[in-house]
Amino acid sequence: MLKYIYRDLLSMIRFLPWGLMMGAAVSAVFLWAGNRRRRKGVQQAQVLPVTAFCIYLSVMLIITFLSRESGSGQSLVDLEIFSTWGINDRNNAFVVENVLLFLPYGFLASWAFKRMRRFWNCTLLGAVTSLGIESLQLITARGYFQIDDILTNTLGTVIGYLVYWLLFYKKR
């Protein structure tokens, strides 16, 4: 299973430059809009977390959509819970990769946005984001709509949130 995870992670590195460029552009627009909307603008302490979140989100979206060929999902829907775990090492690797994919989401969303520092807000946002990705994969036929993906992505968000909490709130 670990060899599949390692190989999959290495294959995604080729999308990193595109994600970095798109994320930098998105964060620039986001920060510019934040400065125009507020009198004081975006605080200096927020710039790094917001930029990191935008870059991460861009990389994640590129990986979940552009790393797959059009028609790879063939509009399949799998609503059976835990249907992917335990079948073989390849499927187990997919489950672990889904958790790993959203782990930074929970951490960076909590770091970048005060509202996401509440457990349920962060968890709900991760679940809704995952549902949106799965729905778009179904519509565009660039992946399968699997309930397991939503559950494992949400689990990754929760773990990322807990890491944030341990690093920043445990100190207080």
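Colleague: Which residues does M60 touch, not counting those up to four places away in sequence?

Modeller: This is a predicted model, and in it M60 touches L101, F102, Y105, T129 and I133. M60 itself is found in helix α3, residues 44–66.

Colleague: Buried or exposed, that M60?

Modeller: Buried, because its relative accessibility is 1% and the cut-off for buried is under 20%.

Colleague: OK, new topic. What about D149, where is that found?

Modeller: D149 is found in helix α6, residues 147–169. D149 has 10% relative accessibility, so it counts as buried too. Leaving out residues up to four places away in sequence, D149 touches N98, S130, E134 and Y144.

Colleague: Now α4. Why does its end-to-end distance agree with what a helix should span?

Modeller: Helix α4 covers residues 89–112, so at 1.5 Å a residue its 24 residues should span 34 Å, and the end C-alpha atoms are 35 Å apart.

Colleague: And what happens at the start of α4?

Modeller: A side-chain oxygen of N88 comes to within 2.7 Å of the backbone nitrogen of N91 there.

Colleague: Zooming out, how many helices and strands does the protein chain have?

Modeller: Six helices and two strands. From the N terminus on, the order is α-α-α-β-α-α-β-α.

Colleague: And what share of the residues is buried?

Modeller: Of the 172 residues in the protein chain, 38% count as buried.

Note on methods: Residues numbered from 1 in each chain as written. Predicted model: local features only at pLDDT ≥ 70, side-chain atom pairs only at ≥ 80, totals over all residues. Heavy atoms only, no water. Helix = DSSP H or I, 4+ residues; strand = E, 2+ residues; numbered from the N terminus. Expected span 1.5 Å × (residues − 1). Polar contact = N/O pair within 3.5 Å; in protein donor to acceptor, adjacent residues only side chain to side chain. Buried < 20%, exposed > 50% of the residue type's maximum accessible area, 1.4 Å probe, protein only. Contact = heavy atoms within 4.5 Å.
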